[in-house]
Amino acid sequence: MTATYTLHRGTVPLLISLPHDGSHIPDDIAASMRPNAQRSVDTDWHVGRLYEPLVKALGASVIRPAASRYVVDLNRPADGQALYPGKRETGLVSTIGFDGEPLYLDGDEPTAEEMQRRVNVYWRPYHEALSQELERLRAQHGRVVLWDGHSIRSHVPMLFEGQLPDFNLGTADGTSCSAALQEQLREALEAQSRYSFVVNGRFKGGYITRHYGQPAEGVQAVQLELSQLNYMDEDSFAYADERAVRVQETIARLLALCIA
């Protein structure tokens, strides 16, 4: 693999980041992993496919990685600090999956040097490109919204109890975007009845939302953690076209508010 990410430059003040869309694990890393981990089961499956028609319709920019979050998690700070101190979570170069089970063979866990190599090879290029695209759009339009698109299985006992709401908006407790934008997004979700939702619940926004969201500087950031059962089969990972079309309609309404 040569390119570690792809960036499509759009024409409106909206950048969609899909940091867990990639599923590729290089052979040398995969060789040290357990068989189930080699499948990259905690990928945000099909989010690129889900967002693709929305990106085209809106004229938005979009950035997507090639590598799996198991290689390095682009939505974690490069120093490895926890996002939710005191709670169990996966890390920058995680050694466990969402099921709490180890990813690596005994004795083959990545060393500190290997972790830093992955940060240099995968993490830094993605964030440099993301930062540059935000600056380009802000310079062109005077403002920009960063939409960090994620998805996750509806039941992950290690992270949350019961079933996750369908739409989980995170704005770092209201600090990563304006109060007006957060309220508009909330009202749009309240106006529909198909999907359950929460704002700043279990998922308040990861590193990308918290770091880049600077409303006073003209950069707003919002994270959407979408329950995967709304557009795919969670057991087989198969894309469900009819469900996806319905959920795209709701996401499109939210994204339109970001560039209104």
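Two strands pair if DSSP finds at least two bridges between them. With that in hand, welcome to this structure, which is a predicted model.

**Strand β7 and its partners**

- β7 also pairs with β4, this time in the parallel sense and over 9 bridges.
- Within β7, Q220 is the residue that stands opposite V145.
- Is β7 mostly covered or mostly open? It is mostly covered, with 9 of its 9 residues buried.
- In a regular strand, side chains alternate between the two faces of the sheet.
- Both faces of β7 are covered: one side holds V219, A221, Q223, E225 and S227, while the other holds Q220, V222, L224 and L226, and all of these are buried.

**Helix α4**

- Helix α4 runs over residues 179-190, and its 12 residues reach 16 Å from first C-alpha to last, close to the 16 Å expected at 1.5 Å a residue.
- Its buried residues are L181, Q182, L185 and L189.
- What do the buried residues of α4 pack against? Their contacts are with β4 (144-152), β5 (167-170), β6 (197-199), β7 (219-227) and α6 (241-259).

**The nonpolar core**

- Nonpolar side chains tend to be buried together in soluble globular proteins.
- Here, the largest nonpolar core has 78 residues, and I16, Y51 and W147 touch the most other members.
- Helix α3 (residues 112-141) gives the most to this core, with 8 residues.
- Leaving aside residues up to four places away in sequence, Y51 touches I16, L18, W147, G149, L224, I251 and L255.

**Salt bridges**

- The count of salt bridges comes to 16.
- One of them joins R34 and D106, whose closest N and O atoms are 2.9 Å apart.
- R34 lies in the loop between α1 (27-30) and α2 (47-58), and D106 in the loop between β3 (61-65) and α3, so this pair ties together parts that are 72 residues apart in sequence.
- R34 is partly exposed, at a relative accessible area of 28%, whereas D106 is exposed, at 67%.
- Another salt bridge brings together the side chains of D42 and R153, at 3.1 Å from N to O.
- D42 belongs to the loop between α1 and α2 and R153 to the loop between β4 and β5, so the parts they tie together are 111 residues apart in sequence.
- Why does D42 count as buried? Its relative accessible area is 5%, and buried means under 20%.
- R153, at 22% relative accessibility, counts as partly exposed.
- E52 and K56 form a salt bridge too, with closest N and O atoms 3.6 Å apart.
- Both of these residues lie in helix α2, 4 residues apart, or about one turn of the helix.
- E52 counts as partly exposed at 40% relative accessibility, while K56 counts as exposed at 63%.
- A network of salt bridges links D44, R69, D73, R76 and E89.

How values were computed: Residues are numbered from 1 along each chain as its sequence is written. This is a predicted model: local features need pLDDT of at least 70, side-chain atom pairs count only at pLDDT 80 or more; totals for chains, interfaces and linings use all residues. Side-chain values use heavy atoms; hydrogens and water are left out. Helices (H or I, at least four residues) and strands (E, at least two) are DSSP runs, numbered from the N terminus. The expected span of a helix is 1.5 Å times one less than its number of residues. Buried means under 20% relative accessible area, exposed over 50%, partly exposed in between (1.4 Å probe, protein chains only). Contact means heavy atoms within 4.5 Å. A nonpolar core is a set of buried Ala, Val, Leu, Ile, Met, Phe, Trp, Tyr and Cys residues joined through side-chain atoms within 4.5 Å. A salt bridge is a side-chain nitrogen of Lys or Arg within 4 Å of a carboxyl oxygen of Asp or Glu.
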